Structure formats: structure tokens, C-alpha cells
Amino acid sequence: MRLCTFTARGRTRLGALRGEGEVIDLNAAYRDRLAARGDLRAGSVAETRVPGEMIAFLEGGEDSMVAARHAVAHAEELASSAPERAAGAGIVVDRSEPGFRLCAPIPRPGTVLAVGVNYKDHASEAGFEVPQHPLLFSKVATCIVGPEDAIVRPRVSELLDWEGELCFVIGKAARHVAPGEALDYVAGFTIGHDVSVRDWQFHS
């Protein structure tokens, strides 16, 4: 299941990619699944189990993940048996729809931690010594943009550098975690395009 955040029909929602051309609105799909089974509380239950926003969804832990898988299965069945209803109800959204935009998976994460100088080629290129321990730094949440958003170059910089990054999404609170248990706290991963101002490095 490839989770995402998307904007369509004037709303920003939690979704799951369906192939390369469509997105499933997980909250809408789960609500429809419950309603089809006669649950009179379908709306409120869906908001609890599969919220329409990524951070709230991750806070639901494994229960939310299980519900999301049920939502995907329901959407797939509906897309096969009643594609017009699936599209009309906003359960399956075509990415070519006017106004559709794929957003950052977590548009405003609480904390962004990064590891610097973590491979030798980059250290040599930048003139840094390879650190003996991980070099950690943080980024502000407002620097996160979606894959289709523009990267704004600061007026003070003529040397923007980019790096492809593997990003891990921590899905639950963690502290003093043993290395062997680290992946138990990872909800998923994505790719990132990290951009840094390098002028100071070469001209200071």
C-alpha cells in the first residue's frame, strides 16, 4: 500500500496510490464499506479508524493500517464492479482530474531529522572529514513541499545543491530504541529531494 496525501475537488485528503493514474480516498472508501454493511455510524467510525489526514492516521497505529487495507480492498472491488459510482463518490480519483495535486506525504511533519555527510563521495566533494558518529541536524517543517511544488531559491544564494534522499517516516513515539527494534517504529518510507545552500561553504 503506497500511502499519499493529495488535493482534489477542493479538499486535501489521505490516499493510497492505485497504479500510476489513480488515487483511492481511504476515508471515503472505508466509510462506503461500512455503510454498505449497514453501519449507521459509518461516518464517525471512518473518521476514527481512517482519518482523512496523514498524521492523525499514523497515530491510529496498526488498527488504522488494517482499516486502510480494508478500504483499499473495497475500493478495488467497487472500481471493478461500479467504476462510475467509485469515481462519482470520490472513492477513486483520477490524477488527470482538473485541480488534482499530489502533495508531500506528510505536509507538516512534527519533526524532520536529517543525517549529514553520510557517504564518502559527498564528504570528499564538500571537503569534510568523514564523521566518526552520525551528524544529525533538523529542518523546519515548513520546508517540506510536494513533488509537484516549486523549490524557491533564496535571493542570497547562487549555489543551491541537491541530494536524493531515502526518508523514513517514524510512525510512533520512540526513545532509547535498541537497534534491533528500530524498524518496529517505522511506518513507511519515501524519497526526498533535499536542497541546501552551499555559498557559505565555498566563499566564506
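How many bridges join strand E2 (residues 11-18) to strand E3 (residues 22-25), and do the two strands run parallel or antiparallel?

Modeller: Four bridges join E2 to E3, and the two strands run antiparallel. This is a predicted model, in which local features need pLDDT of at least 70 and side-chain atom pairs count only at pLDDT 80 or more, whereas totals for chains, interfaces and linings use all residues. Residues are numbered from 1 along each chain as its sequence is written, and side-chain values use heavy atoms, with hydrogens and water left out. Strands (E, at least two residues) and helices (H or I, at least four) are DSSP runs numbered from the N terminus; two strands pair if DSSP finds at least two bridges between them.

Within this pair, arginine 18 has glutamate 22 of E3 as its bridge partner. E2 and E3 belong to an open sheet of five strands, in the order E4-E3-E2-E1-E5, with antiparallel pairing. Strand E4 (92-94) and strand E5 (101-102) stand at the edges with a single partner strand each, so one side of each has no neighbour in the sheet.

Next come the helices. Two packed helices are described by the angle between their axes and the distance between the axes. The axes are lines fitted to C-alpha atoms, for helices over the stretch in contact, and angles run from 0 to 180 degrees between N-to-C directions. The axes of helix H1 (residues 26-36) and helix H2 (residues 42-49) come within 9 Å and cross at roughly 140°. H1 and H2 are therefore oblique to each other; angles under 35 degrees count as roughly parallel, over 145 as roughly antiparallel, 65 to 115 as roughly perpendicular and the rest as oblique. On the H1 side, Asn27, Tyr30, Arg31, Leu34 and Ala35 make the contact (heavy atoms within 4.5 Å), meeting Ala42, Gly43, Val45, Ala46, Glu47 and Arg49 in H2. The residues of this contact of H1 with H2 divide into six nonpolar, two polar and three charged. Here Ala, Val, Leu, Ile, Met, Phe, Trp, Tyr, Cys and Pro count as nonpolar, Asp, Glu, Lys and Arg as charged, and the others, Gly among them, as polar.

Glycine 43 of H2 is partly exposed, with a relative accessible area of 32%; buried means under 20%, exposed over 50%, and partly exposed in between (1.4 Å probe, protein chains only). Its C-alpha atom is separated by 8.6 Å from that of aspartate 32, 11 residues apart along the chain.

H1 also packs against helix H4 (residues 61-81), at an angle of about 80° and with the axes 8 Å apart. H1 and H4 are therefore roughly perpendicular to each other. Leu26, Ala29, Tyr30, Asp32 and Arg33 in H1 meet H4 residues including Ala67, Ala71 and Leu78. The contact of H1 with H4 divides into nine nonpolar, two polar and two charged residues. Elsewhere in H4 lies serine 64, which counts as buried at 2% relative accessibility. Not counting residues up to four places away in sequence, serine 64 touches Arg49, Val50, Pro51 and Phe57.

A further antiparallel pair, strand E6 (residues 112-116) and strand E7 (residues 135-139), is joined by five bridges.
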